[in-house]
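User: Hi! I'm new to this one and would like a friendly walk through it. Could you show me the structure?

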Amino acid sequence: MAKIIAGVGSSHVPAIGAALDNGKTEEPYWKRVFSGFEKSKEWMRKTKPDVAIVVYNDHASAFSVDLIPTFALGCAAEFPPADEGWGPRPVPVVKGHPELAAHIAQSVILDEFDLTVVNKMEVDHGLTVPMNLVFGYPKDAWPCPVIPLAVNVVMYPPPTGHRCYMLGRAIRKAVQSYPEDLRVVIFGTGGLSHQISGPRAGLINSKWDKSFLDNLSKDPIKLTKIPHIEYMREAGAEGIEMVMWLIMRGALDDKVDEVYRFYTVPASNTAVGHIILENRKRAAGKRPATGKTKRAAHTARQPVRRSK
Amino acid sequence: MARKEHDYDDIPGTFVFDAERSRQGYGINMFCMSLMKDENRKAFKANEAEYLKKFRLTPEQTQAILKRDYNRMLELGGNIYFTAKLGATDGHSFQHLAAVMTGSTQEDYAKMMLGGGRSVEGNRTKSGKGKSKSKSKAKTKSSSKSRSKRG
């Protein structure tokens, strides 16, 4: 049986990607940002997930205004980095996990989430920057297959926070009914507070961001009730992309432990937020979230297979 | 038809790219999208007005693009992730565009960001309606109720 073991929240600021690609990580401005992810890389090396589901948004790269899917699940075998106007980022092609992705699509659509299935897609900084921040900067291959879940947060209205959270729960259920023994980490990306458009550009609201990060473990249900107007007013017009973190949160257990957090202002125009949440280790039969016993025999429940 | 009023129109200095603007700004955004290709960037730079004729743009939209009036582009349906491609075609960094939209110099804008960014205090609302925290909380409650009924 597959299982989601942990969630990672991270900003995806494009300038972070540019700093990595252009060797600027040692400059004081960028060192402040990257130093906050050293522990996360260590955590990821220990955790060694078999698959990562990355919830992110496309920025006029794979999707123009010709087609604006609210939720689009990447079911392809691979996803090349997109050319965002400066040539594709020099990062490895992202390998998918088409079998698990197809299984998730089938399960969540029958759970009444009308996903768009994508069998061919390029991925932009929205996906690859958070991956660099926690997986490092590999030359040849990313350490695990990735299932991209692209969410429309560019055109208003994006899905509500509540809808995102519920989709996360449906994804958790789908993963749990996959017969192969896989350990899955889910990423929620974007944010935190920022506005990059119009005369109010440059808005940052650290107090609001902190409360959002606190409530991911303390009271996620409260976060699902935040209306869009509050995201835009308090966290900036583009800060609304924080709803994507709620898909990650919904995919975790009700009780989670915050194992790491990092927050800094600014990276370019944006507040950078990062969090790692692990499902609380408690009942016997549940495997711990550390990498040590990662492939222990798992006998508790038989996978539920759909007949359709 | 006049634009319908929305709660988010009350946020100062903000043009929310909603479904209505997406419809209205299709030409602006697809023009910007075309600039992802080098040959199109060259053709645009060679004769801007002529190149723009290929897209379904209103005279106001065409003027906003030619004048690089980024706020007006947003108001007429452009989206920042798209219009940023025009900025890049002109060789500008994103921070330059942000400074232009805020009516600031790039230096001052960069300083503001290093100092923690623009404060939300005094920047929440045009009308004063969104000021009261308790009001927005009350709204939150009722909307969550109706949601839980559905789901």
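**A first look at the two chains**

Analyst: Happy to. In helix 2 of chain B, the buried residues are B:Gly27, B:Ile28, B:Asn29, B:Phe31 and B:Cys32. Please keep in mind that this is a predicted model.

User: Which helices do the buried residues of helix 2 of chain B pack against?

Analyst: They pack against helix 4 (48–52), helix 5 (59–66), helix 6 and helix 7, which belong to chain B as well.

User: And how many residues of chain B are in contact with chain A?

Analyst: On the chain B side there are 49 residues, in contact with 34 residues of chain A.

User: Which elements of chain B give two or more residues to that side?

Analyst: They are helix 1 (19–24), helix 2 (26–34), helix 6 (70–75), helix 7 (80–89), helix 8 (94–102), helix 9 (106–114) and helix 10 (133–150) of chain B. The largest share, six residues, comes from helix 10 of chain B.

User: What classes of residue are on that side of chain B?

Analyst: The side of chain B that touches chain A has 24 nonpolar residues, 18 polar ones and seven charged ones.

User: Let's switch to chain A. How many helices and strands does chain A have?

Analyst: Chain A has 10 helices and 10 strands. Its radius of gyration is 18 Å, close to the 19 Å that the globule rule gives for 308 residues, so chain A is as compact as a globular protein of that length. Along the principal axes, its C-alpha atoms fill a box of roughly 55 × 40 × 40 Å.

User: What percentage of chain A is buried?

Analyst: Buried residues account for 56% of the 308 residues in chain A. As for its contacts between residues at least 6 apart in sequence, 82% join residues at least 24 apart.

User: Now strand 1 of chain A: mostly covered or mostly open?

Analyst: Strand 1 of chain A, residues 3–10, is mostly covered, with seven of its eight residues buried.

User: Which way do strand 1 and strand 8 of chain A run, parallel or antiparallel?

Analyst: Strand 1 and strand 8 (residues 183–189) of chain A run parallel, joined by seven bridges. For A:Ala6, the bridge partner in strand 8 of chain A is A:Val185.

User: And how many bridges join strand 1 to strand 10 of chain A?

Analyst: Five bridges join strand 1 to strand 10 (residues 270–279) of chain A, and these two run antiparallel. There, A:Gly9 has A:Ile275 of strand 10 of chain A as its bridge partner.

Note on methods
Residues are numbered from 1 along each chain as its sequence is written. Chains are lettered from A and ligands numbered from 1 in the order in which they are written. This is a predicted model: local features need pLDDT of at least 70, side-chain atom pairs count only at pLDDT 80 or more; totals for chains, interfaces and linings use all residues. Two residues are in contact if their C-beta atoms, placed from the backbone, lie within 7 Å. Helices (H or I, at least four residues) and strands (E, at least two) are DSSP runs, numbered from the N terminus. Ala, Val, Leu, Ile, Met, Phe, Trp, Tyr, Cys and Pro count as nonpolar, Asp, Glu, Lys and Arg as charged, and the others, Gly among them, as polar. A residue is buried if 20 or more other C-beta atoms lie within 10 Å of its own, exposed if 12 or fewer, and partly exposed in between; C-beta atoms are placed from the backbone. Two strands pair if DSSP finds at least two bridges between them. The radius of gyration is taken over C-alpha atoms; the globule rule is 2.2 Å times the number of residues to the power 0.38.
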